[in-house]
Amino acid sequence: PHHTSVRPTAMFASATTTFIRKAIRSSTAAATCNAQQFRSISITPALLEKLNVQGLADKVNLEGQNVLMRVDLNVPLSKDDDVTVTDDTRLQAIAPTAKFLLEKGANVILCSHFGRPKGEIIETGKNGRLNPVVDPLKNILGVDVKKVDDCMGEEVEAAAKSLTKGEVLLLENTRFYKGETKNDATLAAGLGSLADYFVMDAFGTAHRAHSSTAGVTDYMKLSAAGFLLDKELKYLKGAVDKPNRPLCAIIGGAKVSTKLPVIESLLEKCDTILLGGGMIFTFYKALGYDIGKSMLEEEYVELAGKLMKMAEEKGVKLILPPDVILADKFAEDATTAIAKASEISGDWMGLDVGPETLEIFKEEIGKSNTIVFNGPMGVFEMKPFACGTITVAELMAEATDRGATTIVGGGDSVAAVNQAGLGDRVSHISTGGGASLELLEGKELP
């Protein structure tokens, strides 16, 4: 296992840092955004203090006013029927802001994308219409939720104008329009015609300058951050920038390409970084290990090696799992074995971290006062390979109980913590995967 324990002594060489960022960006061109889509303004605590939803209500009498509220309604649906919501975490998360606005007498017009329909109208499923969330939202908000089958146009404008006081209107999937992800001005203006005030509470898409998250603000009298966005920034940015030390980050997930910039940034801030998930095999390859049939992103082997060297130079503990759970195939009924990380061979593939690793993780988490968990330790959806992720979730809960600040950073980590029934035993569960990663990476939100 590769880890170091010398205290930090020097800053990164700026040339090396620039090299890594450029290499990541050039290798993931599909994920990069046109710089012109992003505004130069950054969301700072001072700015939020002036523009949060409470401040909006203090400035404006919202009774009878239409407020367009950008939310993140991307909830998982049952594979059995493509209709039943299986985890309502993101729906519950919008309730504080929506209920606050309703109590002020405002009409709340909810706006969200759902999946990636890429400009096509899809009737059902994870890229389809928002119909599956209507009934759950009614139960959560305690009011009727009307829905329209578009997000702009005459019919939608008529529905918005008919709202009287304390009503909720749900717009259709914004990504049925191709222009949404390009910050199209026509769509932004169409959304802007529905209300005079805008509240951004979709942290899950706060890292993207789209028509419904950024462009729409040009057509509003006032725009504000919702309680959820405020809370996310407080925990994710505040806890990492000014942590109660020691600060430990647990970074997992399948793809090393999405995590290398985050790890690079965290090396400037963390005392300890624990690695898990499919991405560890790219690091093992950098160490010269045989990884069998395990997941590998060959183009990032060199960069993984550079990060390990950086960690050593800074004296940050960057801990790779010393053992893994192997499988002879990617299936729940696979034959499994425990092996040292340096002893993987043949057709075996690593699908979870091993018991020795979890003992080391327990020790490191146990002595940390701020802990960020982003990405599962293995293929937790399959029971034989869920132990690592569930154990880390349990260690997070134990750390919370003793007074540590614990943050679960979006995506599969949230699903794993909720699956373990521990969602109420961590300090904060983030609703944003990509957004939480970009904040941890130190990027500014548009």
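**A buried asparagine, a helix pair and local backbone features**

Asn 107 counts as buried because its relative accessibility is 0% (buried means under 20% relative accessible area, exposed over 50% and partly exposed in between, with a 1.4 Å probe and protein chains only). The model is predicted, so local features need pLDDT of at least 70 and side-chain atom pairs count only at pLDDT 80 or more, whereas totals for chains, interfaces and linings use all residues. Residues are numbered from 1 along each chain as its sequence is written, and side-chain values use heavy atoms, with hydrogens and water left out.

Asn 107 lies in strand E2 (residues 107–111); helices (H or I, at least four residues) and strands (E, at least two) are DSSP runs numbered from the N terminus. The side chain of Asn 107 reaches the backbone nitrogen of Glu 167 at 3.1 Å. Residues up to four places away in sequence not being counted, Asn 107 touches Gly 64, Gln 65, Asn 66 and Val 67, together with Leu 163, Thr 164, Lys 165, Gly 166 and Glu 167 (contact means heavy atoms within 4.5 Å).

Two packed helices are described by the angle between their axes and the distance between the axes. For helix H4 (residues 89–103) and helix H5 (residues 134–141), the axes come within 10 Å and cross at roughly 50°; axes are lines fitted to C-alpha atoms, for helices over the stretch in contact, and angles run from 0 to 180 degrees between N-to-C directions. H4 is therefore oblique to H5 (under 35 degrees counts as roughly parallel, over 145 as roughly antiparallel, 65 to 115 as roughly perpendicular and the rest as oblique). On the H4 side, Leu 91, Gln 92, Ile 94, Ala 95, Ala 98 and Lys 99 meet Pro 136, Leu 137, Ile 140 and Leu 141 of H5. The residues of this contact comprise eight nonpolar, one polar and one charged; Ala, Val, Leu, Ile, Met, Phe, Trp, Tyr, Cys and Pro count as nonpolar, Asp, Glu, Lys and Arg as charged, and the others, Gly among them, as polar.

Backbone features were also examined in the loops. Asp 82, although not a glycine, has a positive phi of about 60°. Asp 82 belongs to the loop between strand E1 (66–70) and H4, and its 36% relative accessibility makes Asp 82 partly exposed. Asn 183, also not a glycine, has a positive phi of about 55° and is placed in the loop between strand E4 (168–170) and helix H7 (185–192). Arg 245 and Pro 246 are joined by a cis peptide bond, with omega about 5°. Pro 246 is in the loop between helix H8 (227–241) and strand E7 (247–251).

Definitions and conventions: Polar contact = N/O pair within 3.5 Å; in protein donor to acceptor, adjacent residues only side chain to side chain.
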